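Thank you all for coming.

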Amino acid sequence: MDYSLVLRNGHVIDPSQGINRRMDLAVQAGRIAALGAELGPGLVEKDLQGKYVCPGLIDLHGHWWEGSSWGIDPDLCLNHGVTTAVDAGTTGFINFPAFRKTQVSAATVRVLAFVNISGIGIPTTLVGELEDIRFARPVETGLVLAGNRDICLGVKLREGSMTGSHGKEALDKAIEAATFAGLPLMVHITKGAHTRHILRSLRPGDIVTHCFQGRGDGILSAVDGCLLPEVCEARRQDVLFDVGHGAGAFSWDVARRAFEFFFYPDTISTDLHRFSIARWAFDLPSVMSKFLHLGMPLEDVILKTTWAPAKAIGRGDELGTLKTGAIADLFVFELEEGSFALEDTHLRVETASRRIKPLLTIKAGVSIEPGTYPVRLRNLYACDDDLFRFIEETAEPQRPSQ
Ligand SMILES: [Zn+2]
């Protein structure tokens, strides 16, 4: 019997099996059917000589609920190799049902979700979702998680100005909900977060996102610039550290300093939303290219956008892997050589010599050409401009050496 699709001569990178070499890959009935030499025949065959093939990318942190002023259409992900888009708590127990009905179910890309401990999720930039702690609802959040186990992954909490003076109480309630559901907690840390307390409180499998943010209360000591001891201890306890680039959470300096301590992210994600997509994060291959520029090997960058996030969300048996029988989600790309300006969220631009260029996305065996899903971003209002202005005003000046 012919395979439905055979990809020939591609350089296959699948960290879940330690594969990093040229071979053929065959797909049948939307699943990985075989990896090896001279497979075939296939009803459709593609020659990928000189190109790379890896599992479909998993973006562990984005905002995919267009009922929020942060949200964008998750199908944009299919333009750049992401076949699983994880929503990082854009909705809470109040608006999750509408998110599921109108956005998750309507999407072509696979959408999974963390549910915000705040019942209103993250609706706006104007007021923090937990400035009023009455919005933190562990029981209702736990019930949503229990009733939607097919797509719900855990609890989300943003710690910083959005929790006002309630950071520790909000953390307690988020852990209560996650414990009730038996699922992980993802905590966003920005300036104002009780980061050391958070790190001491998290459980194995919980996720810290925005690990390389440079706005304050991050993973580095404000005193000596060393990694906080709580960061090292949390990693020993199997707490995971995610990039969550966003519009304010990626600093070249913080990432480089962390690398000096051999501290690398567990997962690389965009934190794509209406604001970050306008200038900083763009798409997951762009963020991955920044980590290539920082010196991470390509295989590691692929690991942290496929197998590592798949395991973090408990889906490692069928996503983020090219094992026989896994869902045939694939990303075909090339490494483009040239001169590419890459900007962090402190408006510092570095020039990279390589970037990951998407060539083809395959979702459950179906091929999707880049650009097939048009960008449909909502209009910006005057109040939205305040966020961009804040980023401009709080950025350090560009250093002359870069
Ligand atoms: Zn986010």
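Predicted model: local features only at pLDDT ≥ 70, side-chain atom pairs only at ≥ 80, totals over all residues.

Residues are numbered from 1 along each chain as its sequence is written, and side-chain values use heavy atoms, with hydrogens and water left out.

Let us start with the zinc ion. Its protein donors are H61 through NE2, H63 through NE2 and D271 through OD, and they lie 2.1 to 2.4 Å from the ion. A donor here is an N, O or S atom within 2.8 Å of the metal (3.2 Å for Na, K and Ca), and since water is not among the atoms, sites may look incomplete. Written as a spacing along the sequence, the donor residues follow H-x1-H-x207-D. H61 lies in strand β6, residues 57-62, and D271 lies in the loop between α6 and α7, so this pair ties together parts that are 210 residues apart in sequence. When I say helix or strand, I mean a DSSP run (H or I with at least four residues for helices, E with at least two for strands), numbered from the N terminus.

Are H61 and D271 buried or exposed? H61 is buried, with a relative accessible area of 1%, and D271 also counts as buried, at 6%. The cut-offs are under 20% relative accessible area for buried, over 50% for exposed, and partly exposed in between, using a 1.4 Å probe and protein chains only.

Now to the empty spaces. Rolling a probe the size of a water molecule over the atoms shows where empty space is left. The search uses a 1 Å grid over the protein atoms alone: a cavity is a set of points where a 1.4 Å probe fits but cannot get out, a pocket is an open set with protein on both sides within 12 Å along at least five of seven lines, and lining residues have an atom within 4 Å of a point. Grid points are joined across faces, edges and corners, and a volume is the space filled by probe spheres set on the points.

The largest pocket holds about 710 Å³ of space. Its lining is made of 32 residues, and those nearest the centre are W70, R158, M162, L387 and F390. Which element gives the largest share of this lining? That is α10, with 6 residues. By class, the lining has 10 nonpolar, 14 polar and 8 charged residues, where Ala, Val, Leu, Ile, Met, Phe, Trp, Tyr, Cys and Pro count as nonpolar, Asp, Glu, Lys and Arg as charged, and the others, Gly among them, as polar.

Helix α10 has 13 residues and reaches 19 Å from its first C-alpha to its last, close to the 18 Å expected at 1.5 Å a residue; the expected span is 1.5 Å times one less than the number of residues. The buried residues of α10 are D384, L387, F388 and I391.

Among the residues lining it are P55, I58, E318 and D329.

Next, two buried loop residues. C211 sits in the loop between β11 (207-209) and α5 (229-236), and it counts as buried because its relative accessibility is 0%. T267, in the loop between α6 (252-260) and α7 (284-293), is buried at 2%. Leaving out residues up to four places away in sequence, the contacts of C211 include F241, D242 and V243, and those of T267 include F241, D242 and V243; contact means heavy atoms within 4.5 Å.

Finally, some backbone details. The peptide bond from G40 to P41 is cis, with omega near 0 degrees, and P41 lies in the loop between β3 (31-36) and β4 (42-47). F262 has a phi near 60 degrees, a positive value in a residue other than glycine, and F262 is exposed, with a relative accessible area of 65%. D217 likewise has a positive phi near 60 degrees, but D217 counts as partly exposed, at 36%.
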